[in-house]
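Subject: Structure for you to look at

Hello,

Here is the structure I said I would pass on.

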Amino acid sequence: MSLKNKVAIITGGNSGIGQAIVLELARQQANVVIDYICHPEATEALEREVAQLGDQSIGVKADVSKPGDLQMLVDQAVNRFGRIDIMVNNAGVETRTSVLDTTEEQYERVMAINLKSAFFGTQIAAQQMIKQGDGGRIINISSVHEDWPMPGNTPYCLSKGGMRMLTRTAGVELAAHNILVVGVGPGAVATPINVSTMQDAAKLALLNKAIPLQRLARPDEIARVVGFLAGDGASYLTATTIFADGGIMHNSVGL
Ligand code: BGC
């Protein structure tokens with residue numbers, strides 16, 4: 001499979017699942033735009049890895065919760081590479097707070113970084129793709145929790161539920177332009193978002209037990225799904241979510 005001459009933007013691209021997506025798309029020969037908000041040194045290290053794979057990349061510092069920054073991100077991609085083909089709305093945070101204890105500030109932060117960014121990322125990328133006239137791919141990194149409650153992580157679940165409907169509605173609206181919009185719903189992945197669980201042996205054992213495959217995913221196992229969705233093999237997939245969750249959503253205690 002090859003994404004040669006394709007240009008991809010990955011939001012939240014310098015850590016966790018985003019970083020793995022950058023490397024996977026670069027392995028498939030795409031040129032990549034790495035959005036980040038902190039740790040410029042991680043972005044620079046990633047740019048060097050992409051160069052070693054023989055591809056080009058630029059790191060762009062942009063706050064994806066601001067539509068103006070998203071526009072700047074797309075503009076920089078177009079200035080540097082001439083076009084965009086793949087927009088990966090990946091940036092995300094969680095607060096691990098419940099319906100009873102979430103503050104307004106926590107609520108607004110999660111909704112802005114996870115959902116508002118994906119909405120305007122989709123809008124602004126699609127406007128550029130429509131100008132180019134030959135379609136495109138928008139891939140929203142959601143979660144099993146777009147459809148499956150996680151008690152004690154309420155704002156996150158709300159934001160992912162919103163991404164589910166964004167994927168479906170934008171997928172239908174943009175289909176006439178051959179812009180395919182697909183969600184990826186990871187389960188538990190070994191990334192910075194899960195460090196508190198990974199550092200607590202008892203919690204980790206409980207989580208592993210709940211997963212039929214009995215382990216967290218590696219970020220590259222999610223990135224490879226994104227690599228597939230960006231390529232020719234996924235030409236008839238839109239307005240839906242692919243779950244890569246080791247079976248966790250369908251598990252039951254069996255009692
Ligand atoms: C969340 C994690 C959680 C996992 C499985 C992810 O989307 O970010 O906190 O462990 O889903 O429930």
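How many cavities of 30 Å³ or more does the structure hold? There is one. This is a predicted model, in which local features need pLDDT of at least 70 and side-chain atom pairs count only at pLDDT 80 or more, while totals for chains, interfaces and linings use all residues. Residues are numbered from 1 along each chain as its sequence is written, and side-chain values use heavy atoms, with hydrogens and water left out.

A cavity here is a set of points, on a 1 Å grid over the protein atoms alone, where a 1.4 Å probe fits but cannot get out; lining residues have an atom within 4 Å of a point. The volume is the space filled by probe spheres set on the points, which are joined across faces, edges and corners.

The largest cavity contains about 40 Å³ of space. Its lining includes Arg137, Ile138, Leu180 and Leu237. Strand 5 (136–141) and strand 6 (179–186) each supply at least two lining residues, and strand 5 gives the most, with three. Strands are DSSP runs (E, at least two residues), numbered from the N terminus.

There is also one aromatic pair (ring centres within 6.5 Å). The rings of Phe119 and Phe120 have centres 4.9 Å apart and planes at 85°, so the pair is edge-to-face (over 60 degrees).

Regards

Technical notes:
1 Å grid on protein atoms, 1.4 Å probe; cavity = no way out; pocket = protein on both sides within 12 Å on 5 of 7 lines; lining within 4 Å. Helix = DSSP H or I, 4+ residues; strand = E, 2+ residues; numbered from the N terminus. Phe/Tyr/Trp six-rings, centres within 6.5 Å; stacked < 30°, edge-to-face > 60°.
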